[in-house]
Amino acid sequence: MCKGLSSLPSSCLEKAKVMRVKLSHMAEAHHKHKFQDVKILQDLETLLSSKSAVQAFRCFLCSEFSEENLAFWLACEDYRVSPSSLHKAKAGSIYSRFIMPEAPQEVNLDAETREALLSGLDSPCVDTFTEAQQRIYTLMAKDSFPRFLRSHHCTQTAKAC
């Protein structure tokens, strides 16, 4: 029969105390990490800073046949951090892929923004797509991101965290 903890050697009791403290710290750290991962889904800006969250958002957008906004935003981010020697080629690629009428992944921009982009393509700079990127970001934040938060893609991502 069990005689209780008093029958165990004191070295075992000390080791058990140390293990209990370590397990407590591990559980705390796991809880904090899980909370931070779920926090990634709280706003679009935070989501866009996480590769795994962007992937889940992309899958959601693909399921809705609306991944062009995220693809455009990511292309603009890539353009913004590219060396200026690549700006002209990348700007042309972004324009033909997302901006020009009947583009393969045409994004929804107003005529004024499109015209401003077209006139800036002759001598592109780091800020060439800033206004258009901000408009698409706002569109995603107000439209597709709230739908994503209500989707099974979001709940699966949160559960995986």
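In helix α7, the residues Ala132, Gln133, Ile136, Tyr137, Met140, Ser144, Phe145 and Phe148 are buried, where buried means under 20% relative accessible area, with a 1.4 Å probe and protein chains only. The model is predicted, so that local features need pLDDT of at least 70 and side-chain atom pairs count only at pLDDT 80 or more, while totals for chains, interfaces and linings use all residues. Residues are numbered from 1 along each chain as its sequence is written, and side-chain values use heavy atoms, with hydrogens and water left out.

**Helix α7**
- Helix α7 covers residues 130-149 and has a kink of about 40 degrees centred on Ala141, the bend at a residue being the angle between axes fitted to the seven residues ending there and the seven starting there.
- Helices are DSSP runs (H or I, at least four residues), numbered from the N terminus.

**Nonpolar cores**
- A nonpolar core is a set of buried Ala, Val, Leu, Ile, Met, Phe, Trp, Tyr and Cys residues joined through side-chain atoms within 4.5 Å.
- The largest nonpolar core has 17 residues, of which Phe72, Ile94, Phe98, Ile99, Val107, Leu109 and Phe129 touch the most other members.
- Helices α4 (68-80), α5 (87-99) and α7 each supply at least two residues of this core.
- Apart from this core lies another, of 16 residues, among them Leu44, Leu70, Tyr137 and Met140.
- Leaving aside neighbours within four places in sequence, Leu109 is in contact with Ile99, Arg114, Leu117, Ala132, Arg135 and Ile136, where contact means heavy atoms within 4.5 Å.

**The largest cavity**
- On a 1 Å grid over the protein atoms alone, a cavity is a set of points where a 1.4 Å probe fits but cannot get out, and its lining residues have an atom within 4 Å of a point.
- The largest cavity has a volume of about 30 Å³, a volume being the space filled by probe spheres set on the points, which are joined across faces, edges and corners.
- The lining of the largest cavity consists of Cys76, Tyr79, Arg80, Val126, Phe129, Thr130 and Gln133, and α4 gives the most to this lining, with 3 residues.

- Thr113 has its place in helix α6 (residues 111-120), and it counts as buried because its relative accessibility is 3%.
- Leaving aside neighbours within four places in sequence, Thr113 is in contact with Glu131, Ala132 and Arg135.
- Cys154, found in helix α8 (residues 152-160), is buried, with a relative accessible area of 7%.
- The C-alpha atoms of Cys154 and Phe60 are separated by 8.3 Å, although these residues are 94 residues apart along the chain.

Definitions and conventions
Buried < 20%, exposed > 50% of the residue type's maximum accessible area, 1.4 Å probe, protein only. 1 Å grid on protein atoms, 1.4 Å probe; cavity = no way out; pocket = protein on both sides within 12 Å on 5 of 7 lines; lining within 4 Å.
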